[in-house]
Amino acid sequence: MKIVACLNGDRRPGAHPALPVSAEHIVADAHEAVAAGATAIHVHPRDAAGAESLEPQVVAPLMERLYAEGPQVPVSLTTALSAQPDPWRRYDLVQRWPSSALPHSVTVNMHEPGSVDLIHLLNDRRIGVEAGVWTPEAARILVATRVDVESVLVEPTQMAVEDARDNARAIMSLLDRAGVTVPRLLHGTDATSWPVLEDAVAAGLDIRIGLEDTMRMPDGSEAHDNAALVAHAVALAAG
């Protein structure tokens, strides 16, 4: 089972005392998450002001530092429009990432404008693609376009647990009927994070957890840091 530590997401600096923003903090946090049992990490790069950024001058130093000083696990970056709202500008920025500092993979949300063109670029650059699928409609885009992806992230965004579960089941059913066989990772957000993670474990799917997805433990208490979230997820998976 792949266990991804999603370290920061699009949360604002200061949203949680342990939210990693600087490259130094991200590297240190990645080590702690991997020591707790994570097998990969997912990061939203941040500029000097703490804002999400896909600029080459932000991405390259972060990746160089992770490769030089970070844990030896795969690194995934975001390409969400929260990091760069203009899809054509996003395409240009990813195209200019230096080949010496590329991530192992990136997430691409299928429902976002420009997703298919971006995936073709990533394929050309030999960067793995994790297709973010939030809805059955997004799954249909993935199926219809036949783009080359290495995994599918099933990401129900509904805030009610049963609504999230219904959405995840609909996405999974569509992928099954279409014969999509690449690995799948299932995760929720905030209130649905832990229930959906338990569903993923029960189904034998890959999982992820971290301050991007939730800042709380299953009992509602504030998580100490990413490592604490990962450690609890690992215990659930082992159990």
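This is a predicted model: local features need pLDDT of at least 70, side-chain atom pairs count only at pLDDT 80 or more; totals for chains, interfaces and linings use all residues.
1. Eight strands form an open sheet in the order β7-β6-β5-β4-β3-β2-β1-β8, and the pairing is parallel. The edges are β7 and β8 (207-209), each of which pairs on one side only. From one strand to the next the twist averages 25°. As background, strands of a sheet pair through backbone hydrogen bonds, either parallel or antiparallel.

2. The β4-β5 pair. Strand β4 (residues 105-109) runs parallel to β5 and is joined to it by 5 bridges. For orientation on screen, S105 can be found opposite G128 in β5.

3. Helices on the sheet. Helix α4 lies across β4 and β5, and its direction is at about 165° to β4. Helix α7 also packs on the sheet, where it touches β7 and β8. The direction of α7 makes about 155° with that of β8.

4. R46, setting. This arginine sits in the loop between β2 (40-43) and α2 (56-69). Leaving out residues up to four places away in sequence, R46 touches N8, G9, D10, R11, P13, V21, A51, E52 and V58.

5. R46, charge. What is the nearest side chain of opposite charge to R46? It is E52, at 5.4 Å. The R46 side chain does reach backbone oxygens: that of G9 at 2.7 Å and that of G50 at 2.8 Å.

6. R126. Most residues other than glycine have a negative phi. R126 is not a glycine, yet its phi is positive, near 60°. R126 has a relative accessible area of 78%, so it counts as exposed.

7. D190. The second residue of this kind is D190, which is not a glycine and has a positive phi of about 50°. D190 is placed in the loop between β7 (184-186) and α7 (193-203); β7 is one of the edge strands, and α7 touches it. Is D190 buried or partly exposed? With a relative accessible area of 31%, D190 is partly exposed.

Definitions and conventions:
Residues are numbered from 1 along each chain as its sequence is written. Side-chain values use heavy atoms; hydrogens and water are left out. Buried means under 20% relative accessible area, exposed over 50%, partly exposed in between (1.4 Å probe, protein chains only). Helices (H or I, at least four residues) and strands (E, at least two) are DSSP runs, numbered from the N terminus. Lys and Arg count as positive and Asp and Glu as negative; His and the chain ends are not counted. A salt bridge is a side-chain nitrogen of Lys or Arg within 4 Å of a carboxyl oxygen of Asp or Glu. A polar contact is a pair of N or O atoms within 3.5 Å; within protein, one must be able to donate a hydrogen and the other to accept it, and residues adjacent in sequence count only if both atoms are side-chain atoms. Contact means heavy atoms within 4.5 Å. Two strands pair if DSSP finds at least two bridges between them. Axes are lines fitted to C-alpha atoms, for helices over the stretch in contact, and angles run from 0 to 180 degrees between N-to-C directions.
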